[in-house]
Amino acid sequence: MMRLRIQRATWPRNALILADTPRPYCPDCDGVGGTEHHYGDHETGEYAGTDWEPCHCSTNWRILLLPMPHLPRWPRRRTNHRDPWGPDSHSDEPPF
């Protein structure tokens with residue numbers, strides 16, 4: 001049985017996706033969805049990477065629901081740097 005949830009994906013573009021969730025009380029993966037296997041280089045014994053073995057309780061099933069728009073990195077700046085709601089010069093009336 002599939003346990004669906006809505007997730008936010010950030011690669012390759014911001015989007016909302018519908019994804020499968022692993023069983024939270026799975027005895028094989030403890031609800032993570034798979035098992036990591038670290039391995040090292042045979043010659044030096046240094047860490048070389050990690051393999052991911054998916055568990056039988058979840059799948060890599062995903063569907064794109066809604067692509068989200070790109071937000072600008074910086075807000076647009078006005079050429080006139082004065083307050084648009086304030087008076088033209090300094091005022092001593094509240095709010096200060």
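Colleague: Which conventions apply to the numbering and to the predicted model?

Modeller: Residues are numbered from 1 along each chain as its sequence is written, and side-chain values use heavy atoms, with hydrogens and water left out. As the model is predicted, local features need pLDDT of at least 70 and side-chain atom pairs count only at pLDDT 80 or more, whereas totals for chains, interfaces and linings use all residues.

Colleague: In which sense do β1 and β2 pair, and over how many bridges?

Modeller: Strands are DSSP runs (E, at least two residues), numbered from the N terminus, and two of them pair if DSSP finds at least two bridges between them. Here β1 (residues 4-9) and β2 (residues 15-20) are antiparallel, with 6 bridges. They form a hairpin with 5 residues between them. Ala9 has Ala15 of β2 as its bridge partner, and Gln7 has Ile17.

Colleague: Over how many bridges do β2 and β5 pair?

Modeller: β2 and β5 pair over 5 bridges, in the antiparallel sense. Leu16 is bridged to Leu66 in β5.

Colleague: Where does Ser58 lie, and is Ser58 buried or exposed?

Modeller: Buried means under 20% relative accessible area, exposed over 50%, and partly exposed in between (1.4 Å probe, protein chains only). Ser58 lies in the loop between β4 (47-54) and β5 (62-67), and its relative accessible area of 14% makes it buried.

Colleague: Which residues is Ser58 in contact with, leaving aside its neighbours within four places in sequence?

Modeller: Contact means heavy atoms within 4.5 Å. With those neighbours left aside, Ser58 is in contact with Asp20, Thr21, Pro22 and Gly33.

Note on methods:
Helix = DSSP H or I, 4+ residues; strand = E, 2+ residues; numbered from the N terminus.
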